[in-house]
Amino acid sequence: MKIKVGIVGCGVVGTGTAKLLLENRDIIRKKTGIDFQLVKVADLNWNKKREYEIPQGIRTTNYKEVLENCDVVVELVGGLDFAKKLILEALEKGKHVVTANKHLLAMDGETLFTQAQKRNLRIGFEASVGGGIPVVKALREGLVGNHIKALYGILNGTTNYILTRMLEGGLSFEKALKEAKEKGYAEADPSLDIGGWDAAHKINILASLAFGKFFPFKEVYVEGIENINRLDVELGRELGYTVKLLAIAKKVNSEVEIRVHPTFIHSEEALAKVDGVYNAVMIEGDFVGKTMFYGKGAGSHPTASAVVSDIVETGKYILCNKGGEIYPVSWEKEEISLRKNFFSRYYLRFDVPDKPGVLASISRVLADFNISIAAVLQKEKVCQLAGKRNEPVIPLVILTHKAYEKDIQKALSKIKNLSVVIGEPVLIRVEEEQD
Ligand SMILES: NC(=O)c1ccc[n+]([C@@H]2O[C@H](COP(=O)([O-])OP(=O)(O)OC[C@H]3O[C@@H](n4cnc5c(N)ncnc54)[C@H](OP(=O)(O)O)[C@@H]3O)[C@@H](O)[C@H]2O)c1
């Protein structure tokens, strides 16, 4: 049995995928009984240097040749407009699609998956989340019998590398970012990573698959790591916490929270120990309990491994006429809305003068909004000049018990107007294992 495969976009992932399909063709055939033949690879420029030489006979500059000649079209161009046009054209021609394009799926996945579902075609998207980690497959197959309660992910290697270096190497955000760029872990324009958008694309895709409804991306709460500073990383560590850019999707009754923001998690938790460019996803189901997936979240070879797993899955789907495909849209008929008023613990830091009555005036405002204090940390010796008045200040950290986000925000807007608080307060959400 033979399945013809074509790739559009022969860059980092496209080249890795072509290499894997050509070099490991035999082992895949032995394992599956299906011969996956790479028949066309399209790219606009065949003069640029690649890690692997694509055979002349299968190269083209015209993506339509891929659509004409293949059973499975692999979109590895990236970006929005052309990739969307390509996928829709492939589906119209009755071709199955595999893509790694998290940006496009998060923004427009509903249109694409609905078209595929109508035509009984498959869109494989394992490589769009967590690179080589088979987390999409886990949700679709291994955990299919569960109601998913929550997903927690470290889904962006660039930001995880930066936070790891700030914690372990004592680097400032700027120095850690510079180092990430030098090592090739951060793009020249790292704003999609640093701003939390890349992780948000990925958690939105996972949430749709886990909860059965496509959630509009613009409603997802996204906060990046650009304002995290070393002082908070260190003070958090003293309190027993590690800061991570955490992507969270959880079901609370008939509402789903999807959010990405810097988060303190207990340093003993497994996710806190995921360091450097590695990714991890913790999935909690009602029967399975907690499961964790860990591995390389990007790079040519790990991502190609995920793309090829989708190609093989699609081949099996074609040959066995399997059915039962789970599309990350609309399998849940119940109303589910996105919840904005999170219920969380909070780390708050205020720059204050070292004088009596400061803590009392801040805690009075917190009490007015039903926010109760779990711990206080005041560093006598750390002294800096801050605010318009250039006053000597010390950091006062308050760790709250669980509170509603809206109450916290209202309390903070009052607290920052107190004469004893200099400058902007710092807020970092705290997520506990039992949450
Ligand atoms: N890199 C990773 O580690 C990684 C991990 C997970 C997912 N992904 C996703 O995988 C996708 C591909 O990423 P990548 O890093 O491989 O990108 P890339 O290196 O920029 O590769 C994209 C390739 O597509 C070519 N291309 C652009 N327009 C084309 C067209 N109209 N027809 C044919 N080829 C065209 C580009 O050529 P030019 O360079 O000449 O424009 C380039 O060679 C993206 O959606 C990305 O988000 C990447």
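Student: Which domains does the assignment give for this chain?

Tutor: In this predicted model, the domain assignment gives domain 1 (2-135 + 300-320), domain 2 (136-295) and domain 3 (343-431).

Student: How far apart are the C-alpha centres of domain 2 and domain 3?

Tutor: Those centres, for domain 2 and domain 3, lie 25 Å apart. The contact takes 15 residues from domain 2 and 12 residues from domain 3. On the domain 2 side, helix 11 (230-238), strand 9 (241-252) and strand 10 (255-266) each supply at least two residues. The residues of that side of domain 2 divide into 10 nonpolar, 3 polar and 2 charged.

Student: Why is E257 called buried?

Tutor: The cut-off for buried is 20 or more other C-beta atoms within 10 Å. E257 has 21 C-beta neighbours inside 10 Å, so E257 counts as buried. The place of E257 is in strand 10.

Student: What does E257 touch, not counting residues up to four places away in sequence?

Tutor: E257 touches I248, A249, K250, V252, R339 and F342. For a sense of distance across the model, the C-alpha atoms of E257 and K93 are separated by 37 Å. Along the chain, E257 and K93 are 164 residues apart.

Student: Is N253 buried or exposed?

Tutor: N253 has 7 other C-beta atoms within 10 Å, so N253 is exposed. N253 is found in the loop between strand 9 and strand 10. Phi of N253 is near 55°, a positive value in a residue other than glycine.

Student: What makes N370 exposed?

Tutor: The count for N370 is 10 other C-beta atoms within 10 Å. Exposed calls for 12 or fewer, so N370 is exposed. N370 sits in the loop between helix 13 (358-368) and strand 15 (373-378). Phi of N370 is near 65°, and N370 is a residue other than glycine.

Student: How do you know that Y161 is buried?

Tutor: Y161 has 22 C-beta neighbours inside 10 Å. Buried calls for 20 or more, so Y161 counts as buried. Y161 lies in helix 7 (residues 157-168). Leaving aside neighbours within four places in sequence, Y161 is in contact with A180, Y185, G276 and V277. Y161 and E68 are 42 Å apart in space, C-alpha to C-alpha, and 93 residues apart in sequence.

Student: Which residues touch the most other members of the largest nonpolar core?

Tutor: They are V8, V74, L151, I203, L206, A207 and V307, out of 123 residues in that core. The largest share of this core, 10 residues, comes from helix 10 (residues 197-211). In soluble globular proteins, nonpolar side chains tend to be buried together.

Student: What is V307 in contact with, leaving aside its neighbours within four places in sequence?

Tutor: V307 is in contact with V13, T17, V74, V98, A100 and A127.

Student: What makes strand 3 and strand 6 edge strands?

Tutor: Strand 3 (59-60) and strand 6 (123-124) each pair on one side only. The sheet is an open one of 6 strands, in the order 3-2-1-4-5-6, with parallel pairing.

Student: How do you know that strand 2 and strand 3 pair?

Tutor: Pairing calls for at least two bridges between the strands. Strand 2 and strand 3 have 2 bridges, so the pair meets that cut-off. In strand 3, the bridge partner of V41 is R59. Strand 1 and strand 2 pair in the parallel sense over 7 bridges, and V8 stands opposite A42 in strand 2. Strand 4 (residues 72-75) and strand 5 (residues 96-99) pair over 4 bridges, with H96 in strand 5 as the bridge partner of V72.

Student: Which strands does helix 1 lie across?

Tutor: Helix 1 (residues 12-23) lies across strand 1 (2-8), strand 2 (35-42) and strand 4, running at about 145° to strand 2.

Student: How many residues lie between strand 11 and strand 12 in their hairpin?

Tutor: The hairpin of strand 11 and strand 12 has 3 residues between them. Strand 11 (residues 278-285) and strand 12 (residues 289-296) pair in the antiparallel sense over 8 bridges. In strand 12, G295 is the bridge partner of N279.

Terms used. Residues numbered from 1 in each chain as written. Predicted model: local features only at pLDDT ≥ 70, side-chain atom pairs only at ≥ 80, totals over all residues. Domains from an automatic or database assignment. Contact = placed C-beta atoms within 7 Å. Nonpolar A, V, L, I, M, F, W, Y, C, P; charged D, E, K, R; others polar. Core = buried A, V, L, I, M, F, W, Y, C linked by C-beta atoms within 7 Å. Axes fitted to C-alpha atoms, helices over the stretch in contact; angles between N-to-C directions.
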